[in-house]
Amino acid sequence: MALVSMRQLLDEAAKGGYGIGAFNVNNMEQIQSIMEAARETKSPVIVQASRGARAYSQDRFLYHLMLAATEIYPEIPTVLHLDHGNSPATCISAIDMGFTSVMMDGSLMEDGKTPSSFEHNVAVTKEVVEYAHARGVTVEAEIGCLGGIEDGHGSGGSGLDHVTDPAQAEDFVKATGCDALAIAIGTSHGAYKFTRKPDGDVLKMDILIEIHKRLPTTHLVMHGSSSVPKELIDIINQYGGKMKTTFGVPVEEIQLGIKNGVRKVNVDTDNRLAITGAIRKVFVETPEKFDPRDYLKPAREAMKKVVAERMVQFGQAGHAGDYTSIPLSEMAEMYKKQLVNA
Ligand SMILES: O=C(CO)COP(=O)(O)O
Ligand SMILES: O=C[C@H](O)COP(=O)(O)O
Ligand SMILES: [Zn+2]
Ligand SMILES: [Zn+2]
């Protein structure tokens, strides 16, 4: 099976009322972990690569690993998505290489740091939507800026300033025709999201629910959705790591999101934690070992376990065989004839 459009997976998820994890990758072992978890749980999958991942892997390596994944796991509908594209040029280069979905993150300027204006965001997103849809490729956009509310860190100043404005989200989707919308509700990337279990003061599920009410057919995306389980932090620290106490997004909050329009759930940090803990354990317990396979195999296994668990929790498990994939050329026709609902 060829790589498929993310739009199709999200439309199916909306019909079935479930969410789909989007897991970040940089190398072969991470791709293998996700694909094995998908096979075990019979899940459709979204594999995503950041700009950093593309640079790290000289992206053609990553692309060809993903083609290998479609050959080895033909029963799994598999999407290759660009995470946080910073400009139309970045998105276009990914589409030209064969990514079947891209994120145009116009909430920030091209430097990936400075919050942008609504007008800038609309303009760059529209440009990407036009190029992508003509090729059957999906576009995720973002409105509001990620970054914690609790400590005001993240994209520029006080986190609350950058929480998504529901009215603006509505205008933005109408103006751009994007397929999926990432919103800012107080989560941030990385391990240090919250200093206590988040409540409604710092994790704005009410805003998410309001956005879903205004945009009931828009596929919402939750970034920064690692749960940062204490068990994974404890393993790292037990084997010589030095991570501070921290809290992520509780799975039950993500599940509440899924009941309210969230179809794509971005997870990277939890997998990084699992991999690092597994490798540290081998190093400490068997310091005489030096074959990379001796620690990469347990690392791969540890990540697979986290991914499979999330696939079950998000509800995508069991849905890999529900549909046959629509070729990108047909998706392009559907966009042209406006058969894909905004
Ligand atoms: O949002 C993410 C990637 O875009 C990943 O978030 P985490 O750092 O919570 O895993
Ligand atoms: O966007 C955040 C993802 O966790 C990717 O992180 P990265 O830019 O370090 O590859
Ligand atoms: Zn952003
Ligand atoms: Zn993100």
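Select glycine 224, which is buried, with 23 other C-beta atoms within 10 Å. A residue is termed buried if 20 or more other C-beta atoms lie within 10 Å of its own, exposed if 12 or fewer, and partly exposed in between, with the C-beta atoms placed from the backbone. The structure on the screen is a predicted model, in which local features need pLDDT of at least 70 and side-chain atom pairs count only at pLDDT 80 or more, while totals for chains, interfaces and linings use all residues. Residues are numbered from 1 along each chain as its sequence is written, and chains are lettered from A and ligands numbered from 1 in the order in which they are written.

**Stop 1: around glycine 224**

Glycine 224 is placed in the loop between strand 7 and helix 9. Helices (H or I, at least four residues) and strands (E, at least two) are DSSP runs, numbered from the N terminus. Which residues is glycine 224 in contact with, leaving aside its neighbours within four places in sequence? They are Leu146, Thr187, Ser188, His189, Lys193, Val249 and Asn266. Two residues are in contact if their C-beta atoms, placed from the backbone, lie within 7 Å.

**Stop 2: the annotated binding positions**

Next, select His84, His189 and His223, which an unreviewed UniProt entry lists under "binding site". These positions are spread over 140 residues of sequence, yet they cluster in space, with a largest C-alpha distance of 11.7 Å. UniProt positions are given in the numbering used here, with feature names shortened, and annotations may be inferred rather than shown by experiment.

Histidine 189 lies in the loop between strand 6 (180-183) and helix 8. Histidine 189 counts as buried because it has 20 C-beta neighbours inside 10 Å. Apart from neighbours within four places in sequence, histidine 189 is in contact with Leu146, His223 and Gly224.

Histidine 223 is found in the loop between strand 7 and helix 9 (230-238). Is histidine 223 buried or exposed? With 26 C-beta neighbours inside 10 Å, histidine 223 counts as buried. Not counting residues up to four places away in sequence, histidine 223 touches Leu146, Ala182, Thr187, His189 and Asn266.

The "binding site" annotation of the unreviewed UniProt entry also covers Gly190, Gly224, Ser225, Ser226, Asn266, Val267, Asp268 and Thr269. Although spread over 80 residues of sequence, these cluster in space, the largest C-alpha distance being 11.3 Å. Glycine 190 is in the loop between strand 6 and helix 8, and it counts as partly exposed, with 16 C-beta neighbours inside 10 Å.

**Stop 3: the two ligands**

Now select ligand 1, which 13 residues surround; the closest are His223, Ser226, Asn266, Asp268 and Thr269. A residue is near a molecule if its C-beta atom, placed from the backbone, lies within 6 Å of it. Strand 3 and strand 8 each supply at least two residues of this shell. By class, the shell around ligand 1 has one nonpolar, 10 polar and two charged residues. In this classification Ala, Val, Leu, Ile, Met, Phe, Trp, Tyr, Cys and Pro count as nonpolar, Asp, Glu, Lys and Arg as charged, and the others, Gly among them, as polar.

Which residues surround ligand 2? They are Asn24, Ser50, Gly52, Ala53, Asp83, His84, His189 and Asp268. The elements that give two or more residues to this shell are helix 3 (51-56) and strand 3 (78-85). The shell around ligand 2 has one nonpolar, five polar and two charged residues.

**Stop 4: aspartate 83**

Select Asp83, where the unreviewed UniProt entry places the feature "active site". Aspartate 83 is found in strand 3 and is buried, with 26 other C-beta atoms within 10 Å. Leaving aside its neighbours within four places in sequence, aspartate 83 is in contact with Asn24, Gln48, Ala49, Ser50 and Met103.

**Stop 5: helix 10**

Select residues 251-259, which form helix 10; Glu253, Ile254, Gly257 and Ile258 are buried there. Seen down the helix axis, the buried residues fall within an arc of 150 degrees, so they line one face of helix 10. The arc is that of the directions from the helix axis to the C-beta atoms. The face turned away from the buried side carries the exposed residues Glu252 and Lys259. What covers the buried residues includes helix 8 (205-214), strand 7 (219-222), strand 8 (262-267) and helix 12 (292-314). Just after helix 10, glycine 261 takes a positive phi of about 95 degrees.

**Last stop: the whole chain**

Finally, display the whole chain, which has 13 helices and eight strands. Along its principal axes the C-alpha trace spans about 60 × 45 × 35 Å. Of the 342 residues, 50% count as buried.
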